[in-house]
Amino acid sequence: MIDITLENFQTELIDGSMTTPVLLDIWAEWCGPCKQLGPVLEKLEAEYAGRFALAKLDADKVPQISQQLSQMFGVRSIPFCVMFKEGQPVDGFVGAIPAEQIRAFLDKHVPGADEVEALEQEEAAQEALAEGDTEGALERLQHAVAADPANDDARFDYVKLLLQEGRIDDAKVAFAPAIARTTQVRRFDALQRWMDATDFASPAQGAAPSLADAESRIAANKRDFEARFDRARLLMAAQRWTDAMDELLDILMRDKSWSEELARKTYIAILEIIEPPRPKVADGQIPPDDPTVATYRRRLSSVVLS
């Protein structure tokens, strides 16, 4: 529990709610219902185990803030509780209402336990990857997806890592629940195009295509876009990302709209795949762009807008 003052209002309430929802309890020493509500809120904070933070503000000691919030919500009495999320007051309730009603209020605004677990597992997976522990990262990501199947970030990272490790069948199984959303989620579309490229490079039946064959066809006809796209897909399957994008740029420089902009869409898919997780930086700072991704974004813009 945090006591809010004029001095820490910005850091503890506004900045703090950027990462974790903060419930602000506005109370006063003379207020009987406030004293009833306080212990209930403290028990709920412990029960929710970090899914929200509880802050208290004495209306008599910090009237500037309590009056401003009361006017904002049209409230004239205390106890008055305000939920802060991402730096903004978003909702509130008045009075010493029962714990079940407070739970219903909280559940509208705070992440579920499964969401929190998934986020924790995903963070642990990124730490494992940074330490070179790929198997540990896969295990963490698998747990994250199981805990919160709706977490698109965890599913993307899990399928991507499986594909990077050559575990194609496992990747397809993990990706299956998201197939219907490939047209809605760009990163899922990117994964689908990567898996299509691996299937093209290693067909279930017949001889596998070769880079040498595609390059021979291109040498015979530089406008053989099918051959160029075949070469790009083979390079994708081999995870030679910049080589694949260079080939796709060659198509775009000659025909931007070829095959319903297939080259551009595949290029964008590769950028989604190779974009690394953004590093954590201090508040107010912008994390730096990955130099390879930034370079190839500029190259695409230059070609498409020319």
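1. The axes of helix α7 (residues 152–164) and helix α9 (residues 186–201) come within 10 Å and cross at roughly 20°, the axes being lines fitted to C-alpha atoms over the stretch in contact, with angles from 0 to 180 degrees between N-to-C directions. The two helices, α7 and α9, are therefore roughly parallel, a term used for angles under 35 degrees. Their contact (heavy atoms within 4.5 Å) involves residues including Phe-156, Val-159 and Leu-163 of α7 and Phe-188, Leu-191 and Trp-194 of α9.

2. This is a predicted model, in which local features need pLDDT of at least 70 and side-chain atom pairs count only at pLDDT 80 or more, while totals for chains, interfaces and linings use all residues. Residues are numbered from 1 along each chain as its sequence is written, and side-chain values use heavy atoms, with hydrogens and water left out.

3. Strands β4 (residues 80–85) and β5 (residues 88–94) run antiparallel and are joined by 6 bridges, where pairing requires that DSSP find at least two bridges between the strands. Met-83 has Asp-91 in β5 as its bridge partner. The two strands form a hairpin with 2 residues between them, and Glu-86 in the turn has a positive phi of about 50°.

4. Val-116 lies in helix α5 (residues 113–130) and counts as buried because its relative accessibility is 19%, buried meaning under 20% relative accessible area with a 1.4 Å probe and protein chains only. Apart from neighbours within four places in sequence, Val-116 is in contact with Arg-51 and Pro-111. From Val-116 to Leu-191 the C-alpha to C-alpha separation is 25 Å, across 75 residues in sequence.

Terms used:
Helix = DSSP H or I, 4+ residues; strand = E, 2+ residues; numbered from the N terminus. Buried < 20%, exposed > 50% of the residue type's maximum accessible area, 1.4 Å probe, protein only. Parallel < 35°, antiparallel > 145°, perpendicular 65-115°, else oblique.
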